[in-house]
Amino acid sequence: MIQAVFFDMDDTLYDTSGFASIARRAAVKSMVHNGLKCSEDEGYECLMEIVKEKGSNYDKHFNILTERINGEEDPLIIVNGIITYHNTKFAMLKLEPESFSILLYLKSKDYKVGLITNGKKLKQWEKLVRLGVYPFFDVVVTSEEVGVDKPNAEIFQIAMDRLNVTADTSIMVGNKFDVDIMGAYNVGMQSMLINSDLTKDEEQFLKDNNYTVTHLNSLIDIMKIL
Ligand SMILES: [Mg+2]
């Protein structure tokens, strides 16, 4: 019998992929209006190269962008980029209505609810608080806090230990096969996949290893199972 449901956050509880690019475009627009010497498209292209080189958690994308385009860092341009980026992102940061419903449902049924997320501790917590869902979670585990990322079994074990549950009474819900589903597999937990499809290789892997993944069209589908 399932006692605990663990969720991934980004692209599981809310849609993040779409709004990062909108926020970046808005940031570049503001930077161009404040003296970045390029077109908005050129600026965006250059920013995406920098994000690719440095990773999305690097905190000086806009510094490098002004240096590459204008030949020097300009605090006014950088600050305009940062502020516009954050304002746009937070304006768009909204919970999927299904997420709220399912969290409410699970709590009403006395399931323990946990969050297991890869990312920086404060960045992930900030989203949880801004989304207004943090009171629903009995445990929140970020990879930065515990020093291991999904799909390492250890991060799942830490989350289960904190809730005093075991893998055979827990289930993981996430959007990434190689992170969420493989993590659940590694620790011997059932899992549900949302917002993504399996490749042929992934399907073959599951078949070869006799591991079944439940596909969800919506988080609401969890109500039919639990
Ligand atoms: Mg995710």
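In this predicted model, begin by selecting Phe 6, Phe 156 and Val 173, the residues with the most contacts inside the largest nonpolar core, which has 34 residues. Next, colour the elements that each give two or more residues to this core: strands S1 (4–7), S2 (112–117), S4 (170–174) and S5 (190–194), together with helices H5 (97–108), H8 (153–163) and H9 (177–187). Helix H9 supplies the largest share, 6 residues.

Now centre the view on Phe 156. Leaving aside residues up to four places away in sequence, Phe 156 touches Ile 116, Gly 183, Ala 184, Val 187 and Met 189.

For the second stop, select Ala 23, Val 28, Leu 47 and Ile 69, which are among the 13 residues of a second, separate core.

Then display helix H1 (residues 17–33) and helix H4 (residues 75–92), whose axes lie 8 Å apart at an angle of about 150°. The crossing of H1 and H4 is right-handed. Coloured by class, the contact of H1 with H4 shows 9 nonpolar, 5 polar and 2 charged residues.

The protein contains 11 helices and 6 strands, and its C-alpha trace spans about 60 × 35 × 30 Å along the principal axes. Of its 226 residues, 33% count as buried. Among contacts with a separation of 6 or more, 61% join residues 24 or more positions apart.

Methods:
Residues numbered from 1 in each chain as written. Predicted model: local features only at pLDDT ≥ 70, side-chain atom pairs only at ≥ 80, totals over all residues. Core = buried A, V, L, I, M, F, W, Y, C linked by C-beta atoms within 7 Å. Buried ≥ 20, exposed ≤ 12 C-beta atoms within 10 Å, placed from the backbone. Helix = DSSP H or I, 4+ residues; strand = E, 2+ residues; numbered from the N terminus. Contact = placed C-beta atoms within 7 Å. Axes fitted to C-alpha atoms, helices over the stretch in contact; angles between N-to-C directions. Left-handed = near helix turned anticlockwise from the far one by under 90°. Nonpolar A, V, L, I, M, F, W, Y, C, P; charged D, E, K, R; others polar.
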